[in-house]
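Subject: A structure to look through

Dear colleague,

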Amino acid sequence: MLNPNYQQIWQTVQLIPLGKVACYGQIADLAGLPGRARLVGKSLGKVPKDGWRGQTVPWFRVINSQGKISFPPGSENFDKQKHHLQDEQVVVIGSRIKLKEFQWKPDLSELLFSLEF
């Protein structure tokens with residue numbers, strides 16, 4: 001059986017728009033799990049191969065609060081995340097993404113009608 005907290009996180013990550021990023025703590029807050037940023041990272045490592053509810057979970061859109069990719073530079077996962085982000089026109093300089101430009105800021109309608117938690 002899947003951890004229900006993981007499901008909340010995956011559903012929230014699925015809402016991050018193309019070309020935007022969110023921080024682990026931001027996802028935890030939006031998923032109704034304040035203070036559980038590490039759980040977000042753990043859950044993203046457990047995403048089923050076929051996604052969640054018939055949709056992919058864009059794990060690569062989640063970065064740390066410093067605006068950086070959390071994987072070690074040069075690692076396979078770092079390169080994979082960087083390429084996915086660049087494919088969506090997110091500018092990655094080294095390992096950094098400008099949060100002012102690319103961070104997802106859900107509007108009121110998203111908060112009221114899309115987020116479930």
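The notes below go through a pocket, a helix, some aromatic rings and one threonine.

This is a predicted model, in which local features need pLDDT of at least 70 and side-chain atom pairs count only at pLDDT 80 or more, while totals for chains, interfaces and linings use all residues. Residues are numbered from 1 along each chain as its sequence is written, and side-chain values use heavy atoms, with hydrogens and water left out.

The largest pocket has a volume of about 450 Å³; on a 1 Å grid over the protein atoms alone, a pocket is an open set of points where a 1.4 Å probe fits, with protein on both sides within 12 Å along at least five of seven lines, and its lining residues have an atom within 4 Å of a point. The volume is the space filled by probe spheres set on the points, which are joined across faces, edges and corners. Of the 18 lining residues, Leu44, Gly45, Val47, Trp59 and Phe71 are the closest to the centre of the pocket. Helices here are DSSP runs (H or I, at least four residues) and strands are runs of E (at least two), numbered from the N terminus.

In α3, the buried residues are Leu39, Val40, Ser43 and Leu44, where buried means under 20% relative accessible area, exposed over 50% and partly exposed in between (1.4 Å probe, protein chains only). Seen down the helix axis, these buried residues of α3 fall within an arc of 135°, so they line one face; the arc is that of the directions from the axis to the C-beta atoms. The face turned away from them carries the exposed residues Arg38 and Lys42.

Four aromatic pairs were found in the whole structure. In one of them, the ring centres of Trp59 and Phe60 are 5.9 Å apart and the planes stand at 90°, so the pair is edge-to-face; rings of Phe, Tyr and Trp (its six-membered ring) pair if their centres lie within 6.5 Å, and planes under 30 degrees apart count as stacked, over 60 as edge-to-face and the rest as tilted. Trp59 is partly exposed, at 23%, whereas Phe60 is buried, at 10%.

Lastly, Thr12 is found in helix α1 and is buried, with a relative accessible area of 1%.

Best wishes
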